[in-house]
Amino acid sequence: MDNKHSLGGRLALLTAAIIWGSSFIVMKDAVADVPVFQLLAIRFTLAGLLLSLIFHKRLLRGGTSLLRHGAVCGVLLLSAYAAQTFGLMTTTPGTNAFLTAVYCVMTPFLAWSFYRKRPSAYNWIAAVLCVAGIGMISLSGDLRLGKGEALTLLSGLFYALHILALSRFGEKNGTGHSDDPIALTIVQFTVVAALSWGCTLLTERGAAFPAPAIWPQLLYLTVFATALTLVLQSVGQSLTPPSQSAILLSLESVFGVFFSVLLGRESLTLQLGAGFALIFVSVIISETQLSFLRRR
């Protein structure tokens, strides 16, 4: 791989991390005016339509397994986004960003439960650091976990399960084929949109349709924080080694705090900063096994 392509891949991943980091602020503002399920329904309907227009030929090559796998991934993705967004209503964007990132630490242990893939020593070290960081960020003076923080951690669990599902469905099946990642994304976006509209009708029936002033935020979440970042991640990971990809993508949580502090949404105290640092280090250790420090 030449240096030009390698640099392009890193820039794509860094751009995706910056956009995702900024989306916590946008989501925080949007959810103040738009009910959670209606917001998700609009976001994933538009994102699914946009990707379908661009990649419709890939959808035509998918079979019934693509629909089944997309349904499973869609349910997990909706559960993750719903828990994260409800949690965001009572937490700061920075805290929400960092607590969501614990899915990176959860994933190896869930893989151990489902697939008997034993975590490494690095995963155990990362887990201890992560729990310590969560305690510093989330626990109040009476050692109780707030509702928003608990929901955000629950979203991390669903994100970890979603990653395991994507990994399993991306493997070659008995016919020697695996699901096309773009086509699978479009199907799961469609499932998320359909279920979100259903939840909107059941639980948010009296909610008004978003006012025109909210649509710039909704379009940013749809076009940039969903559709564009998907393409940037797919391209970037194809041109960048996995360990370096993990580091760049994990910067999402750092940018989430950066934008939150920059825009005055939270104050970065010493305890909060230490908690963020512990979680960030735990994510790096879990995702990379510190391979970038070891010589070949």
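Author: A salt bridge here is a side-chain nitrogen of Lys or Arg within 4 Å of a carboxyl oxygen of Asp or Glu. This is a predicted model, in which local features need pLDDT of at least 70 and side-chain atom pairs count only at pLDDT 80 or more, while totals for chains, interfaces and linings use all residues. Residues are numbered from 1 along each chain as its sequence is written, and side-chain values use heavy atoms, leaving out hydrogens and water.

By this rule there are 2 salt bridges. In one of them, aspartate 29 pairs with arginine 265, with N to O at 2.9 Å. Aspartate 29 sits in helix α1 and arginine 265 in the loop between α10 and α11 (270-288), so this pair ties together parts 236 residues apart in sequence. Helices (H or I, at least four residues) and strands (E, at least two) are DSSP runs, numbered from the N terminus.

How open are these partners? Aspartate 29 is partly exposed at 25% relative accessible area, and arginine 265 is partly exposed at 33%. Buried means under 20%, exposed over 50%, and partly exposed in between, using a 1.4 Å probe and protein chains only.

Arginine 58 bridges to aspartate 180, their closest N and O atoms being 3.4 Å apart. Because arginine 58 belongs to helix α2 and aspartate 180 to the loop between α7 (147-169) and α8, the pair ties together parts 122 residues apart in sequence. Arginine 58 is partly exposed, at 29% relative accessible area, and aspartate 180 also counts as partly exposed, at 24%.
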